[in-house]
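The sequence and the structure are shown first, and the commentary follows.

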Amino acid sequence: MNDSAHGVGQRLAFRVPTAGGDPETYTAADLSSPSGIALLLFLRHHHCALSRKRARSLAAHAEEFDGVTVAAVLPDTADRANVWHRRYDLSFPLLADPEFEQFEGVTEWVPQMPAVARVDTRGEAPTVEQLYSGARPQDCPTGEEMVDIVAEARREGPATGRGFAD
């Protein structure tokens with residue numbers, strides 16, 4: 001797994017349909033969390049076995065993300081996302097964003113999907129703190145590694161130096 005400084009500091013502003021979550025439309029403001037941390041899992045496409053595996057792994061670790069907002073982004077339609085969300089019994093919202101149009105400012109820095117973005121949710125707008133990806137799709141963090149990413153963020157605090165809540 002590689003982490004990247006590219007895209008760090010990117011403010012998020014989006015509005016997309018969601019599957020498996022409330023509300024029906026998800027915005028950057030919905031990433032807000034008590035801990036000040038959110039994780040976004042960017043999936044490769046709806047046929048990608050590795051994306052399904054990473055999403056299920058993230059869902060399996062859901063209880064370990066206390067106070068952290070977790071969501072995944074599927075580059076497809078809302079209808080496809082709804083089917084995908086039900087089929088894989090995900091415990092977090094699945095955001096539908098065909099071609100990553102709303103997340104282009106982030107995904108342009110990711111060499112391969114799937115990928116993970118750690119987001120600071122405490123400011124005026126959620127801001128990307130770190131991107132995790134690699135040269136191969138398999139370099140995307142597993143659910144267990146995402147738990148470690150959150151634990152590390154809590155220990156080190158955000159790049160802004162304001163400290164994350166425990």
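The model described here is predicted. Pro 126 belongs to the loop that runs between strand S7 (115–120) and strand S8 (127–133).

Although Pro 126 and Arg 11 are 115 residues apart along the chain, their C-alpha atoms are separated by 5.8 Å. When neighbours within four places in sequence are set aside, the contacts of Pro 126 include Gln 10, Arg 11 and Leu 12. Ala 28 and Leu 31 are also among the residues in contact with Pro 126, as are Val 119, Asp 120 and Thr 121.

## Asp 120 in strand S7

One of the contacts of Pro 126 is Asp 120, a residue of strand S7. Asp 120 has a relative accessible area of 3% and is buried. Its side chain is joined to the side chain of Arg 122 by a polar contact of 2.9 Å.

## Backbone features

Most peptide bonds are trans, and most residues other than glycine have a negative phi.

The peptide bond from Met 113 to Pro 114 is cis, and its omega is near 0 degrees. Pro 114 lies in the loop between helix H3 (104–107) and S7. Glu 99 is a residue other than glycine with a positive phi, near 60 degrees, and Phe 100, likewise not a glycine, has a positive phi of about 55 degrees. Glu 99 is found in the loop between strand S6 (94–96) and H3, and Phe 100 is placed in the loop between S6 and H3. Is each of these two residues buried or exposed? Glu 99, at 66% relative accessibility, counts as exposed because the threshold is over 50%, whereas Phe 100, at 9%, counts as buried.

## Aromatic pairs

A search of the whole structure finds four aromatic pairs. One of them is formed by Phe 42 and Phe 100, with 5.8 Å from centre to centre and 75 degrees between the planes, an edge-to-face arrangement. Phe 42 counts as buried, at 1% relative accessibility.

The ring centres of Trp 84 and Tyr 88 are 4.9 Å apart and their planes stand at 65 degrees, so this pair is edge-to-face as well. Trp 84 is buried, with a relative accessible area of 3%, and Tyr 88 counts as buried at 15% relative accessibility. Ring pairs also link Phe 14, Phe 42, Phe 100 and Phe 103 into a cluster.

## Packing of helices H1 and H4

Helix H1 (residues 49–60) packs with helix H4 (residues 143–156) at an angle of about 55 degrees, and their axes are 8 Å apart. That angle makes H1 oblique to H4.

Which residues of the two helices meet? Arg 54, Ser 57 and Leu 58 in H1 meet Gly 143, Glu 144 and Met 146 in H4. The residues of this contact divide into two nonpolar, two polar and two charged.

How values were computed
Residues are numbered from 1 along each chain as its sequence is written. This is a predicted model: local features need pLDDT of at least 70, side-chain atom pairs count only at pLDDT 80 or more; totals for chains, interfaces and linings use all residues. Side-chain values use heavy atoms; hydrogens and water are left out. Helices (H or I, at least four residues) and strands (E, at least two) are DSSP runs, numbered from the N terminus. Contact means heavy atoms within 4.5 Å. Axes are lines fitted to C-alpha atoms, for helices over the stretch in contact, and angles run from 0 to 180 degrees between N-to-C directions. Angles under 35 degrees count as roughly parallel, over 145 as roughly antiparallel, 65 to 115 as roughly perpendicular and the rest as oblique. Ala, Val, Leu, Ile, Met, Phe, Trp, Tyr, Cys and Pro count as nonpolar, Asp, Glu, Lys and Arg as charged, and the others, Gly among them, as polar. Buried means under 20% relative accessible area, exposed over 50%, partly exposed in between (1.4 Å probe, protein chains only). A polar contact is a pair of N or O atoms within 3.5 Å; within protein, one must be able to donate a hydrogen and the other to accept it, and residues adjacent in sequence count only if both atoms are side-chain atoms. Rings of Phe, Tyr and Trp (its six-membered ring) pair if their centres lie within 6.5 Å; planes under 30 degrees apart count as stacked, over 60 as edge-to-face and the rest as tilted.
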